[in-house]
Amino acid sequence: MFLVTGATGGLGRRIVQQLCDQEIPVRAFVRLSSRYAQLEHRGAQIFLGDLREQRDIEKACQGVQYIISTHSNPDNPLKLDYRANIDLIDVAKAANVKHFVFISVLGTDRGYEDSPIFKAKREVEKYLQSSGLNYTILRPSALASSLLPLAESFKQTGIYLLIGDRKNRTSVVSTDDVARIAIDSGFIEAANHQIFPVGGPEILIREDIYQIFSRVFNREPIVINPPLFLFDGLRGGLGLINSDLYQKLGTLRVLLGNEFFCTTEEIQNLELIFKMKMENLESFIRRYLAS
Ligand SMILES: NC(=O)c1ccc[n+]([C@@H]2O[C@H](COP(=O)([O-])OP(=O)(O)OC[C@H]3O[C@@H](n4cnc5c(N)ncnc54)[C@H](OP(=O)(O)O)[C@@H]3O)[C@@H](O)[C@H]2O)c1
């Protein structure tokens with residue numbers, strides 16, 4: 001039995017669906033407020049709970065051999081991205097779970113002090129590495145599923161908002177590929193006790209993204225490109241009246257101001273170990289939105 005946390009998220013949902021398609025038993029950890037009907041319909045066992053509650057984590061792990069942790073919550077990184085994962089690892093250890101996959105983020109080892117999520121991910125990685133559990137840590141760059149709302153709005157309006165440097169590099173990765181890698185990590189020997197950067201097959205610059213949208217939807221892009229210092233000024237101003245908001249915008253600041261891409265060698269290594277060909281962003285967007 002697999003347990004998937006964050007099962008209603010962009011990645012978690014795809015992991016649960018792929019497991020159901022393969023007829024592998026899966027328990028989806030969801031909140032009562034989540035949209036989980038489709039997962040139940042596909043055959044997943046639904047566990048209703050809240051990852052802030054250790055008792056819920058303990059109950060959810062009963063009878064489980066594999067755990068894939070995908071949840072995240074930018075509104076409460078200390079409780080969700082950090083504490084809930086530490087609790088999950090402790091319970092997994094006590095329950096003799098066979099394999100634990102943790103979805104981290106590319107760049108978590110670069111020491112970004114401004115982002116509580118990046119810091120939480122790094123601390124969880126270290127805790128998992130020293131837990132004695134059999135684990136795989138995946139560090140994705142941007143997930144293509146996160147771009148779907150942007151692509152939908154581009155399809156309607158042609159407008160694309162790109163804050164900061166147009167030339168920053170990124171390796172947007174197909175969320176379906178990450179889901180497959182997360183599942184297969186439990187069954188592939190070479191994935192044990194490993195950390196993998198996970199990106200798409202192409203190193204894109206950020207302006208490639210609206211050009212891809214433009215090709216897919218056959219629309220001229222209207223690009224709005226404010227410089228990063230405008231974002232910083234706005235964030236600073238907001239911070240004077242709301243320090244929580246200032247902190248929350250820290251992760252976005254890190255994402256906007258830095259490059260997140262995998263090398264060709266890292267992607268070739270991934271394709272070799274997981275015996276797959278990574279999908280590019282254009283194909284992902286076409287599959288979901290072109291019609
Ligand atoms: N998105 C990216 O580009 C990106 C890039 C690199 C790494 N990652 C990492 O990849 C993972 C998956 O990302 P994603 O975009 O698929 O995430 P997502 O769509 O934001 O999903 C987050 C999930 O966490 C759940 N969750 C939040 N608070 C919870 C709570 N208190 N109890 C139980 N569940 C709770 C949400 O449930 P509800 O449906 O109820 O809200 C949702 O299912 C995350 O760990 C993220 O940090 C993402």
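Predicted model: local features only at pLDDT ≥ 70, side-chain atom pairs only at ≥ 80, totals over all residues.
Student: What makes the protein chain agree with a compact globule?

Tutor: With 291 residues, a compact globule would come out near 19 Å, and the protein chain has 19 Å, so the two agree. As for extent, the C-alpha trace spans about 50 × 45 × 40 Å along its principal axes. Buried residues make up 43% of the 291.

Student: What share of the contacts comes from residues 24 or more positions apart?

Tutor: Counting contacts with a separation of 6 or more, 77% come from residues 24 or more positions apart. The elements behind this fold are 12 helices and 11 strands.

Student: What makes S4 and S5 a pair?

Tutor: Pairing takes at least two bridges. S4 (residues 66–69) and S5 are joined by 4 bridges and run parallel, so they qualify. One spot to look at is tyrosine 66, which stands opposite histidine 99 in S5.

Student: Which helix sits in the β-α-β unit with S4 and S5?

Tutor: Helix H4, residues 78–94, and that unit is right-handed.

Student: Why is S6 called largely enclosed?

Tutor: Because 6 of its 6 residues are buried. Side chains in a regular strand alternate between the two faces of the sheet. In S6, Tyr135, Ile137 and Arg139 are buried on one side, and Thr136, Leu138 and Pro140 are buried on the other, so both faces are covered. S6 also pairs with S9 (residues 194–198) in the parallel sense, over 5 bridges. Proline 140 has valine 198 in S9 as its bridge partner.

Student: Why is aspartate 208 called partly exposed?

Tutor: Aspartate 208 has 17 other C-beta atoms within 10 Å. Buried starts at 20 and exposed stops at 12, so a count in between is partly exposed. Aspartate 208 belongs to helix H8, residues 206–217. From valine 91 it is 117 residues away in sequence and 43 Å away in space, C-alpha to C-alpha.

Student: Which residues come nearest to the ligand?

Tutor: Of the 24 residues around the ligand, Gly6, Thr8, Gly9, Gly10 and Ser34 come nearest. By class, the shell has 9 nonpolar, 12 polar and 3 charged residues. Helix H1 (residues 10–21) gives the most to the shell, with 3 residues.

How values were computed:
Residues numbered from 1 in each chain as written. Helix = DSSP H or I, 4+ residues; strand = E, 2+ residues; numbered from the N terminus. Rg over C-alpha atoms; globule rule 2.2 N^0.38 Å. Contact = placed C-beta atoms within 7 Å. Right-handed = clockwise from strand over helix to strand, strands pointing away. Near = placed C-beta within 6 Å. Nonpolar A, V, L, I, M, F, W, Y, C, P; charged D, E, K, R; others polar.
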